[in-house]
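Visitor: I would like to learn how to read salt bridges in a protein model. Can you take me through one?

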Amino acid sequence: MKIWRPISILAISLVLATRAAAQLSLTPPALQAPATKPAAKPEVKPHTIAKKPAAPATEAKPPTATVMPTPAPGDPNVDLVYGAYQRGQYKTAFDLATARAQAGDVKAMTMLGELYANAQGVTRDDAKADDWYKRAADGGDREAMFELAMMRIAGRGAPMDKQEAVKLFASAAKLGEPKAAYNLALLYLDGQTLPQDVNRSAELLRMAADAGNPDAQYALANFYKEGTGVPKDIEASVRLLQAAALGDNVDAEVEYAIALYNGTGTPKDQAAAVALLRRAAQQNNPIAQNRLAHVLVTGQGAPMDQIEGLKWHLIAKTAGKGDLVLDEAFAQLSPEDRAKAEAAARHWLRVQ
């Protein structure tokens with residue numbers, strides 16, 4: 001059995017977007033007619049703000065894990081602020097940051113913007129968050145520039161201003177902020193806020209990927225796979241998928257697993273592929289669940305376990321990843337084994 005790579009239409013959204021869901025089929029998809037747009041758009045997972053406040057009613061997903069900027073080395077006062085923040089002592093971080101910000105410390109100003117934006121230790125106040133981020137950005141802090149750009153994109157704390165956001169992304173990217181480079185790359189790829197320029201997009205993705213940004217590594221892997229803005233290079237694509245997978249990018253885990261399973265651009269290693277599929281399946285990725293189901297039902301790449309495999313099929317099916325072949329395999333089980341698979345699926349869904 002060969003596992004085919006996910007193929008999907010690009011869905012770009014800079015803020016509050018769900019992960020792009022790659023489509024996977026058992027047989028190669030039919031060739032599509034060339035698009036009329038100036039360049040094909042490979043699948044890119046939209047960026048989600050690394051540090052978000054509690055989501056208002058219009059947001060599409062809850063806040064993700066918070067990552068604060070690294071404090072300036074050698075400054076024990078800033079270290080105290082950052083340390084309090086990392087321990088969840090937000091009121092202490094706020095008090096310490098306030099004193100430091102009033103003395104002109106830009107990292108403390110960024111911290112205050114973070115605390116106000118995320119309602120940590122204080123009531124959420126987008127206007128104050130915007131003000132502190134702007135002060136820190138004016139003082140040259142790249143993290144504040146990035147956060148202020150995201151505020152401008154979302155229209156939080158001030159009217160939406162995508163052109164100002166572009167300038168802030170560009171300034172932060174020049175200072176080495178990988179999230180800013182990644183978002184600017186998406187804007188060049190999207191071709192709406194900025195003229196489409198896949199070569200510039202690829203350059204920015206490389207900058208962010210080299211800095212270790214998993215989303216950029218995954219996006220650049222797709223560029224190399226399609227030959228968009230860079231020479232087509234499957235081996236380079238797979239190396240980037242591997243790096244992004246190590247950075248916990250679940251979509252990359254799935255595609256890297258498929259490459260390992262098929263031996264595409266890398267030596268075949270079905271055991272490692274199945275381990276990655278299990279990991280991604282347990283993170284509720286329906287494509288991984290579907291692929292793992294096929295492996296376990298057929299016993300190609302792992303010991304056959306139809307009940308476990310069809311458990312994953314039923315779970316993937318609840319997320320809209322149906323599969324007629326697996327439906328037929330499920331129908332052929334004995335009533336007792338069908339009940340076991342259904343009970344296992346219900347238990348897994350219940351504890352999520």
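Guide: Let us start with one pair. Arg-152 and Asp-130 are both buried. Keep in mind that this is a predicted model.

Visitor: What does Arg-152 form with Asp-130?

Guide: First, the general idea. Side chains of opposite charge can pair when their charged atoms come close. Now the case here. Arg-152 forms a salt bridge with Asp-130, and their closest N and O atoms are 2.3 Å apart. This pair links distant parts of the chain, with Arg-152 in helix α5 (residues 142-154) and Asp-130 in helix α4 (residues 126-138). The two residues are 22 residues apart.

Visitor: With which Glu does Arg-152 form a salt bridge?

Guide: With Glu-164. The closest N and O atoms of Arg-152 and Glu-164 are 2.9 Å apart. This pair, too, links distant parts of the chain: Arg-152 sits in helix α5, while Glu-164 sits in helix α6 (residues 162-174), twelve residues apart.

Visitor: Is Glu-164 buried, exposed or partly exposed? And why does Arg-152 count as buried?

Guide: Look at relative accessibility. Buried means under 20%, and exposed means over 50%. Arg-152 has 5% relative accessibility, so Arg-152 counts as buried. Glu-164 has a relative accessible area of 27%, so Glu-164 is partly exposed.

Visitor: Where do Lys-311 and Glu-308 lie?

Guide: Both lie in helix α14 (residues 306-318). They are three residues apart, about one turn of the helix. Lys-311 forms a salt bridge with Glu-308, with the closest N and O atoms 3.1 Å apart. Check the accessibility again. Lys-311 counts as buried because its relative accessibility is 9%. Glu-308 is partly exposed because its relative accessible area is 24%.

Visitor: Which residues are linked in a network of salt bridges?

Guide: Arg-142, Glu-143, Glu-177 and Lys-179 are linked in such a network.

Visitor: How many salt bridges does a search of the whole structure find?

Guide: The search finds 20 salt bridges. Now step back to the whole protein. It has 16 helices and zero strands. Of its 352 residues, 50% count as buried.

Visitor: And how should I read contacts and surface?

Guide: For contacts, look at separation in sequence. Among contacts between residues at least 6 apart in sequence, 53% join residues at least 24 apart. For surface, look at the area and its atoms. The accessible surface of the protein comes to about 16,100 Å², and 54% of that belongs to carbon and sulfur atoms.

Note on methods: Residues are numbered from 1 along each chain as its sequence is written. This is a predicted model: local features need pLDDT of at least 70, side-chain atom pairs count only at pLDDT 80 or more; totals for chains, interfaces and linings use all residues. Side-chain values use heavy atoms; hydrogens and water are left out. A salt bridge is a side-chain nitrogen of Lys or Arg within 4 Å of a carboxyl oxygen of Asp or Glu. Helices (H or I, at least four residues) and strands (E, at least two) are DSSP runs, numbered from the N terminus. Buried means under 20% relative accessible area, exposed over 50%, partly exposed in between (1.4 Å probe, protein chains only). Contact means heavy atoms within 4.5 Å. Accessible areas come from the Shrake-Rupley method with a 1.4 Å probe; for residues, only the protein chains shown count as cover.
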